[in-house]
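Thank you all for coming this morning.

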Amino acid sequence: MFKHVKDMEYTVHVDCPDPRFANLLLEQFGGPHGELKAAMQYMSQSLGCNDPKIRDLLQDIAAEEMSHLEMVGEAIAMLLGPTDKVAKDFPAIHMALLSGGPLLTNSMGIPWTGSYIESTGDIYADLSSDSTAELRAKLIYERLLQQTDDAGVKDMVRFLLSREESHNFSFMQAIGTLQGKGVDKDFRDSRFSKKYMNMSTGEGDFRGPWNQGNGIQYEENPNEKYGGPAKYGKDRGADASGEVAPGYTDHNRNNPQYSQPNPSQGKPQSPTTMH
């Protein structure tokens with residue numbers, strides 16, 4: 001259930017209209033890194049999550065992102081100023097013509113779309129995506145700060161930027177409680193999970209914690225060790241070593257209503273011959 005509280009989470013104040021900046025601010029209203037995207041992404045993820053702690057986190061932040069959408073929208077409307085009569089070179093002419101207020105587009109007029117939403121059903125993968133989304137939003141706000149001298153607008157942007165930092169911290173801390181779960185667990189028993197393949201030639205190969213230590217094996221010229229001409233032999237089969245065996249189920253899937261089909265039930269049907 002949602003209620004509309006008629007107070008802002010943080011007071012929005014605009015010193016004077018600035019339609020040019022209003023157009024730029026659309027990036028955080030209807031853009032791919034904006035507040036609506038964040039709210040819809042976290043809410044969608046929460047509905048497929050059966051961990052009550054993570055579900056509560058996602059829904060709290062989703063609700064706050066809707067508050068931020070309201071703040072950004074109010075700021076855009078005030079920055080536009082009166083739109084009943086505008087000059088031909090008005091910097092935000094599309095908003096003046098179509099709505100007199102913010103549109104669900106980014107700053108270049110590209111419409112908001114549900115394809116911005118990333119929701120996989122895996123808590124670890126989703127929270128990793130969410131923490132990165134907060135950093136991208138923070139980056140946009142940092143760049144927007146450089147494009148206005150309005151003290152009230154800058155104050156609002158600094159508040160929103162700080163909240164992105166807070167959300168990123170919350171997501172990162174939640175990820176820390178999920179080590180070894182979801183997609184963070186080792187994939188099968190493959191020996192290739194801990195290898196770094198050096199695919200570069202010439203000078204400039206660098207080493208660091210991403211390709212050494214932590215059980216990682218550094219492979220030079222992996223094609224010479226593992227490659228060669230393609231060999232079309234017999235498939236190892238699902239019950240072979242290193243493959244997912246029949247009857248495999250993903251017990252960490254988030255949606256408890258999901259029913260994993262059991263491939264061990266019944267015998268495979270012979271393909272029907274087409275005439």
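By salt bridge I mean a side-chain nitrogen of Lys or Arg within 4 Å of a carboxyl oxygen of Asp or Glu. Lys53 is exposed, with a relative accessible area of 62%, whereas Asp51 counts as buried at 16%. Those words have cut-offs: buried means under 20% relative accessible area, exposed means over 50%, and partly exposed lies in between, with a 1.4 Å probe and protein chains only.

Before I go on, please keep in mind that this is a predicted model, in which local features need pLDDT of at least 70 and side-chain atom pairs count only at pLDDT 80 or more, while totals for chains, interfaces and linings use all residues. Residues are numbered from 1 along each chain as its sequence is written, and side-chain values use heavy atoms, with hydrogens and water left out.

Now the overall layout. The secondary structure of the protein chain comes to 8 helices and 2 strands, and from the N terminus on the elements run α-α-α-α-α-α-α-β-β-α. Helices (H or I, at least four residues) and strands (E, at least two) are DSSP runs, numbered from the N terminus. Of the 275 residues in the protein chain, buried ones make up 34%. If we take the contacts between residues at least 6 apart in sequence, 69% of them join residues at least 24 apart, where contact means heavy atoms within 4.5 Å.

What does the largest nonpolar core contain? There are 30 residues in this core, and Leu25, Ile76, Met95 and Met156 touch the most other members. Helices α1 (19–25), α4 (52–80), α5 (93–98), α6 (123–145) and α7 (151–176) each supply at least two of the core residues, and the largest share, 7 residues, comes from α4. A nonpolar core here is a set of buried Ala, Val, Leu, Ile, Met, Phe, Trp, Tyr and Cys residues joined through side-chain atoms within 4.5 Å. As general background, nonpolar side chains tend to be buried together in soluble globular proteins. To look at one member, Leu25 is in contact with Val72, Ala75, Ile76, Leu79, Leu144 and Met156, leaving aside its neighbours within four places in sequence. Apart from this core lies another, of 17 residues, including Ile54, Leu58, Ile61 and Ala174.

The structure holds 6 salt bridges, and one of them joins the side chains of Glu219 and Lys195, at 3.0 Å from N to O. This pair links distant parts of the chain, with Glu219 in strand β2 and Lys195 in strand β1, 24 residues apart. Is Glu219 buried or exposed? Glu219 is buried, with a relative accessible area of 5%, and Lys195 is buried as well. The side chain of Glu219 also meets that of Lys225 in a salt bridge, at 3.4 Å from N to O. Elsewhere, Lys138, Glu142 and Glu165 are linked in a network of salt bridges.

The loops around these strands deserve a careful look too. Most residues other than glycine have a negative phi. Asn214, however, has a positive phi of about 55° although it is not a glycine; Asn214 lies in the loop between β1 (195–198) and β2 (217–220), and counts as exposed at 63% relative accessibility. Asn221 also has a positive phi, of about 50°, without being a glycine; Asn221 lies in the loop between β2 and α8 (222–226), and counts as partly exposed at 37% relative accessibility. Gly215, which lies in the loop between β1 and β2, is exposed at 61% relative accessibility. The C-alpha atoms of Gly215 and Lys194 are separated by 6.5 Å, although these residues are 21 apart along the chain.

Finally, a word on cysteines. The structure holds 0 disulfides, a disulfide being a pair of cysteine sulfur atoms within 2.5 Å. Cys16 is partly exposed, with a relative accessible area of 45%, whereas Cys49 is buried, at 5%.
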